[in-house]
Amino acid sequence: MAGVLGTSIKRREDPALITGRGKYTDDLLVEGMAHAAIVRSPYAHARIRGIDTSAAKTYPGVVAVLTARDVAAAGIPGMVPVGWLLPDLKTPAHPMIAADTVRHVGDAVAVVVAEDRYVARDAAERVAVDYEPLDAVADVVAALEDGAPTVHDDAPGNVAFDWEIGEKDPVDAAFAQAAHTVELDLRNNRLIPHAIEPRAALASYDSSTGVMTIHMTSQNPHVHRLLMTLASLGMPEHKVRIVAPEVGGGFGSKIHHYADEAIVGLCSLKLDRPVKWTATRTETNLTDAHGRDHSTHCAMAFDGDGRITGLRVDTKAAMGAYLSTFAPAVPTYLYGTLMSGQYDIPAIHCHVTGVFTHTAPVDAYRGAGRPEATFVVERLMHLAGEATGLGPIEVRKRNFVPADAFPYQTQVALAYDSGNYGPAMDRALEMIGYDDLCREQASRRGNGNGRRQMGIGFSSYIEACGLAPSAVVGSLGAQAGQWESADVRVHPTGSVTVYTGSSSHGQGHETTFSQIVADRLGVAPEAVEVIHGDTDLVQFGMGTYGSRSAAVGGSAIAGSVDKIIEKGKKIAAHLLEAAAEDLEYEDGSFRVAGSPDRALGLGDVALQAYLAHNYPDDLEPGLSATTFYDPANFTYPFGTHVCVVEVDTETGSIELLRYTAVDDVGNVINPMIVDGQLHGGLAQGIGQALWENAVYDDSGQLVSGSLMDYALPKIHNLIQFELDRTTTPCPHNPLGVKGVGEAGAIASPPAVVNAVVDALKPFGVTHIDMPLTPEKVWRAVNAD
Amino acid sequence: MTVSIQLEVNGKPVQAEVEPRRLLVHFLREDLGLTGANIGCETSLCGACTILVDGNAVKSCTMLAAQADGAAVTTIEGLARNGELHPLQDGFWEKHGLQCGYCTPGMILSANYLLEQNPSPSDEEIREGLKGNICRCTGYHNIVEAVKYAAERMS
Amino acid sequence: MYPAQFDYRRAGSVDEALGLLQEHEDAKLMAGGHSLIPMMKLRLAQPPVVIDIGRLDELKGISEAGGGVRVGALTTHADIAASDILAASCPVLAEAAGHIGDAQVRNRGTIGGNIAHADPGSDLPPVLVLLGASVHLQSPSGARSVAAADFFQDLLMTDVGEDEILTHVDVPAQSAGAGAAYLKFEHPASGYAVVGAAASVTVQHGRCTAAGLVIGGVGAVPTAVDVSSLVGADLSDDAIATAASGLDTEDPLGDIFASGDYRVHVGKVYGKRALAAARDRA
């Protein structure tokens, strides 16, 4: 249907969600359901001397209490695996229930199953664990120091991996000859994803069929099934069904396979009845994979014209107590490869040490590696604007990869397929009214460095999304493919059902995917149903993360639609007694070229495909197609963001005044949804810059484990965003789309920090680590 | 022990025996099957469990079911009337004021209370009025738009 | 999280509540429940018996009394914030109540429950101390009142005895020529006051005749600042800043968001700004 692509049609997901009818995992109430409560370590590091479950077992209403012994007795693998391997990666065992040692606060040591969730919690408190507390280390730098407590005996010095990309010698040479250099020591703060729906699972094993069904908070049910069956429960894959019902946000945290969901599965397996577990906020914050947590030294060299000649980055990246599903990939292939940013940098070297700490694991969180890389590059570019005297705009423009240089091969593996960076920046400058802002800033500075200073910060970012292609990611260590599947079925009456391997958890796939089909197949969006998130319904899928659903999942759907049209042409040609080559497909009709009256609608052709009475000899009946789309490359969204802040130099408080974002995410399927994704990403990135911080104390206790201490962005602290787009279609996928889920979170942290540092320029401030709490700002203003 | 309670939920009388410690949100979700009110935290900060008790927005995770004895409770399930969406439900749909939808029932009921108090709020008053509800998806931009849309339609 | 088990008693009168308190050792009174229930959910409080006094109409409401305003212990923050009586005679208390938590919390939380819990980041205590409010307590042996300044004893500790119920708070009306203000430096996560500055200034015939400043959030209890230097002074910005800089707390509170030193600094800045706002309203 013409005009449906690129249109802000309202979401079909919403009627259920605005009336309270949408069913999230914890909403599922099943006959005979018991409730699990997991007993967790209160220590960051301890030896388990013994566990006394007798008081819990005899507590009224308790069905069972399981420990590591029961995992062993069940004869299942009982492990939580890592899904991305690097050369020489240390992969210490991660048992789903700790047997002899706990390695972070929240590590599971037992599980109580009871008839009621209140009773399960009561009994969990009656499981007596005899711990021998051991020294712990929670800080990524401290963990590498001599004599630091060891997280795993088989990872000496707490080093999980030592990885590098780029060439070191050319970088050293660039620095030796540089006209200007800038350098920075920074911490990229640890974040807790905080999907507002905590993780949950409802496992229902039926011994009469041998089938286990697990409804759970998943971004990728097939990946969860694979890891759950292979490494944890040891069940055959075809006997396990994983369903993601409504999922209340993920942001990466619901990609990973965790111990808890496997434990719930074990409980159901053992008890032969449904068992539900829903994390409390505290539990989910202690056990969800966190994000970021880097300590980085970085430096950039420039020639006399302000052109970048070299970039050097050395990062210590926390892995936490165990390697989470994709953890090793995040600070390496999703980080080091992004170091060229939007710039033509002739020499780059990035070295990363992965570090075990006695904390929750660290893995992909919205942006995953790319926000950290963008922060390095864009903070250095801000400093470079000062050091070269070119200012923040000219220093960037001078170094942008020119529009005629694409495809552009960076020094860090990625080859950018397309880009046009200047117009996005120009549009952002126009929208923000840069010249007026500069006058306002000068007037405030001229006014005796008054109490309320204004700052303007830029971030010109690039991201690589739509993780691909499979062969490449496989060569880099991925233990999974990076394609996506789509099964498109045209029903005999011409309506359509799409089965996609993408797994929406707030993104609105049902709406946008129906738009893709409607546009390509010439049917109304309402004639298209989109099914996702169920391993029994969808053949296989990689799921939703890394801003990949439109570019990879959407392209798979487009591929299937194209196959259906090709097959339909053969059927229509037979019925119209024409040659298939002479048929055109337009607006839902197969037409003989040049003879507009000789046409058949999709429904007519579909019906014949299923009747197969009057049918081509060499064609199978039916009208459906499956596509496994494996992209040729990543996609490369980009843009320029500008943030304007006011800083109260007396208290250090920051007020957001303006935020303008000009993004290029390629072709847009639904502008309303694209803008919504950007808004959400911006809030999370601004949250990282200003408020969010996962803090462990020296003993490994999570000090900011609840919303009393972990400050999420709240409505009264944010502003309306000003957005616009440029459009540079992706040249290598059929839709020309790139991806938008993470752009806001990638671009915004340096824009905010650069703005604050710009505001404080009269005070000689050049850097403040995130989050920019008022106290840190105040201390920076008053530093000698 | 149990406590005997009688209340009105979405216009219908309800009678039940509850444990004193049973939180109102669990009573609504598990005993009455009204799963629209969600739980996102345990520190009375996220607001996902917001409902109306005697017309006032409250956090049902910070209220015992026993305290609701005699009250008139409205949950998201009771907001649409005669099959017609409330202007706020319409506004959230129209303006893309939700993504994952988990915070949405609470957000809509808080907004409903806000508009009862202040039928034509400014952007700032909307932001102040909804500060007890956390959304992780939308960045709040379209929530503000949705409430303004509803306010206009309701005036 | 879920509270541990407890027995629930609902009091029909203050006398009945007092009787239940005597009857059940370690029982806890519950007004709106917005301080107690969160503690019980985290199992930081596990009282064997909860006495629900939330329905005692005799403890609800705002009325004019003896030249001041009487606020019943069960009056919600929302009602205080919206009170016409307070707006006329003691607007700073309404202003502070409007800063508490969020709309939902203000609809359930009560002044009695709030001050009996005595969180150092609460918005009401510094204002009540500033205003010279008196807190009224009743026990089986009789009623007594205690000055707000003496009521708050330490972190989460007050003068309420085990057998007592907080019945109401009396707040003197603001005198003619007086201006008062409450300014809050809000914790971005909890919404509590990192610093809450309550200030009042009385100006008669162009001269300052009285001034007060109480800072919450910095110490375990509200910290009064001696601003008597302002009496008779011209209330210039400099004079106000000098007066506010007298904030002195021996052992300031600190957390991962704001250290003790920083809180004291902000207390001085917000004290100054609150005094200036009070001056402008006088």
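Between domain 2 of chain A and domain 3 of chain A, the count of salt bridges is zero; a salt bridge here is a side-chain nitrogen of Lys or Arg within 4 Å of a carboxyl oxygen of Asp or Glu. This is a predicted model, in which local features need pLDDT of at least 70 and side-chain atom pairs count only at pLDDT 80 or more, while totals for chains, interfaces and linings use all residues. Residues are numbered from 1 along each chain as its sequence is written, chains are lettered from A in the order in which they are written, and side-chain values use heavy atoms, with hydrogens and water left out.

## What the two domains do share

The domain assignment, automatic or from a database, places domain 2 of chain A at 370-463 + 634-781 and domain 3 at 483-629. Their C-alpha centres lie 40 Å apart. The contact (heavy atoms within 4.5 Å) takes 17 residues from domain 2 and 16 residues from domain 3.

About 1100 Å² is buried between these two domains, with 60% of it from carbon and sulfur atoms; buried area is the accessible area (1.4 Å probe) lost when two parts are put together, summed over both. On the domain 2 side, Ile669(A), Pro734(A) and Leu735(A) lose the most area to domain 3, together 43% of what that side buries. The rule also finds five residue pairs in polar contact here, both residues at pLDDT 80 or more. Such a contact is a pair of N or O atoms within 3.5 Å, one able to donate a hydrogen and the other to accept it; residues adjacent in sequence count only if both atoms are side-chain atoms.

## Where chain B meets chain A

Now to the contact between the chains. It takes 49 residues from chain B and 56 residues from chain A. Together the chains bury about 4700 Å², 56% of it on carbon and sulfur atoms. In chain B, Trp93(B), Arg127(B) and Arg136(B) lose the most area to chain A, together 19% of what that side buries.

## Polar links and helices at the chain interface

Six salt bridges cross the interface of chain B and chain A. The side chains of Arg117(A) and Glu30(B) meet in a salt bridge, at 2.5 Å from N to O.

Among the elements giving two or more residues to the chain B side are helix H1 (24-31) and helix H5 (141-154); helices are DSSP runs (H or I, at least four residues), numbered from the N terminus. H5(B) gives the most, with five residues.
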